[in-house]
Amino acid sequence: KKKVILDCDPGHDDAFGIMLAVQHLDVLGITTIGGNCTLENVTRNAIKVLEVLGAADRIGVYPGHSCPMVAPLVTAPQFHGETGLDGPVLPEPTHQPQNKHAVDFIVDTVMSTDDVTLIATGPLTNIAAAINREPRIVDRVKELCIMGGSVTYGNWTPAAEFNIFVDPEAASRVFNSGLHVKMTGINLTRQCELTAKHVAKFREIGTKAANLAADLTDFFIEACEEESELTGATMHDACAVAWIIDPSLIKAVPMHIDIELNGKLTRGMTVCDYRHLRGTKPAVDLERTPTMDYRGEKPNAEAALELDFPGFVNLLNSTLENYD
Ligand code: BDR
Ligand code: CA
């Protein structure tokens with residue numbers, strides 16, 4: 001199993017990321033970041049999800065930064081409710097968060113363990129802080145896969161996706177660090193929409209994990225439909241985890257990506273240079289292979305463009321079946 005640290009802000013779709021990761025990856029620890037909700041709440045939510053999965057004894061949860069590097073924290077109660085994980089009724093957790101800061105955990109683990117993959121599904125504050133604390137992690141990390149940004153349009157603003165919008169300075173630090181970033185932006189994750197039909201399947205599976213998935217999706221479908229143009233629950237964060245579990249589920253192209261920090265309309269935008277794709281629209285035309293004739297800077301990232309959604313659903317259903 002691949003060794004991973006999952007940095008997240010659960011969050012309904014983060015919870016799906018946890019469910020996939022715990023079963024298919026060697027999760028060395030979960031680190032939390034203020035984002036969808038306060039640090040306190042997202043940390044509690046991560047522990048609650050691990051307890052449902054029966055994994056809270058073996059996987060520690062390490063609280064990280066409570067707010068972004070520069071900007072004030074923005075949360076998303078309209079999508080995730082006041083607790084950050086509204087919908088399912090879960091008991092108060094019996095496990096405690098670890099007594100070590102997320103950034104220390106990331107640095108110590110990466111420096112002492114070979115081939116660690118980082119998966120980040122919230123604002124990139126902890127990852128940026130870890131790079132600042134110990135720049136050598138850049139050469140030690142196997143890969144960094146994030147949910148964030150977009151090669152097309154935004155969701156939080158016309159230009160910016162939520163995770164990058166919340167802490168653009170951290171995202172800029174990460175994209176300019178030398179780390180090769182695998183990016184599942186919302187251009188990709190919008191191909192991952194769960195509807196009532198998927199919820200019915202989860203209920204039929206009927207494990208504790210599947211019931212949690214069903215309750216989460218029910219709440220999230222309603223929130224997504226009310227708050228946006230969407231017609232289902234977009235499982236953004238689960239896509240980043242699925243990419244690490246089964247790379248064949250996603251098609252991606254290399255490109256250079258940087259973060260807009262100053263634009264009045266575009267702060268938090270992932271500025272994606274796809275001029276090497278022969279002027280095609282990368283989100284719809286994968287037949288035209290990249291020319292590799294880069295006009296700008298060399299790629300620092302791989303942008304996910306196409307998801308095998310039926311393959312994703314199969315992975316998710318079999319995962320939920322295999323929990324107790
Ligand atoms: C991202 O924002 C959060 O609300 C979700 O958990 C996801 O990580 C989508 O823009
Ligand atoms: Ca998230």
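**Ground rules**

The model is predicted, so I kept to its limits: local features need pLDDT of at least 70, side-chain atom pairs count only at pLDDT 80 or more, and totals for chains, interfaces and linings use all residues. Residues are numbered from 1 along each chain as its sequence is written, while chains are lettered from A and ligands numbered from 1 in the order in which they are written. Helices (H or I, at least four residues) and strands (E, at least two) are DSSP runs, numbered from the N terminus.

**Entry 1**

An open sheet holds nine strands in the order 3-2-1-4-5-6-11-9-10, and the pairing is mixed. Two strands pair if DSSP finds at least two bridges between them. Strand 3 (61-63) and strand 10 (270-273) are the edges; each has a single partner, so one side of each lacks a neighbour in the sheet. From one strand to the next, the twist averages 30°.

I then checked one pair. Strand 9 (residues 250-259) and strand 11 (residues 301-307) run antiparallel and are joined by six bridges. Ala-252 stands opposite Ala-304 in strand 11.

**Entry 1: helix 1**

I asked what helix 1 lies across. It lies across strand 1 (3-8) and strand 2 (26-32), and runs at about 170° to strand 1. Axes are lines fitted to C-alpha atoms, for helices over the stretch in contact, and angles run from 0 to 180 degrees between N-to-C directions.

Helix 1 (residues 12-24) also packs with helix 11 (residues 208-227), at an angle of about 160° and with the axes 10 Å apart. That makes the two helices roughly antiparallel (angles under 35 degrees count as roughly parallel, over 145 as roughly antiparallel, 65 to 115 as roughly perpendicular and the rest as oblique). Helix 1 gives His-12, Ala-15, Phe-16 and Met-19 to the contact; helix 11 gives Ala-209, Ala-213, Leu-216, Phe-219 and Phe-220. Residues are in contact if their C-beta atoms, placed from the backbone, lie within 7 Å. I sorted the contact by class: eight residues are nonpolar, one is polar and none is charged. Ala, Val, Leu, Ile, Met, Phe, Trp, Tyr, Cys and Pro count as nonpolar, Asp, Glu, Lys and Arg as charged, and the others, Gly among them, as polar.

**Entry 2: helix 10**

The axes of helix 10 (residues 196-205) and helix 11 come within 8 Å and cross at roughly 155°. That makes helix 10 roughly antiparallel to helix 11. His-198, Val-199, Phe-202, Arg-203 and Ile-205 of helix 10 meet Ala-210, Ala-213, Ala-214, Thr-217 and Asp-218 of helix 11. This contact has six nonpolar, two polar and two charged residues.

**Entry 3: buried places**

A residue is buried if 20 or more other C-beta atoms lie within 10 Å of its own, exposed if 12 or fewer, and partly exposed in between; C-beta atoms are placed from the backbone. In helix 12 (residues 236-245), nine of the 10 residues are buried, so the rest of the structure largely encloses it. Trp-243 is one of the buried residues.

His-80 is found in helix 3 (residues 77-80). It is buried, with 29 other C-beta atoms within 10 Å. Not counting residues up to four places away in sequence, His-80 touches Gly-11, His-12, Asn-36, Cys-37, Leu-85 and Asp-86.

Val-141 sits in the loop between helix 6 (137-140) and strand 5 (143-147). It is buried too, with 21 other C-beta atoms within 10 Å. Val-141 and Leu-179 are 38 residues apart in sequence, yet 8.0 Å apart in space, C-alpha to C-alpha.

Note on methods:
Contact = placed C-beta atoms within 7 Å.
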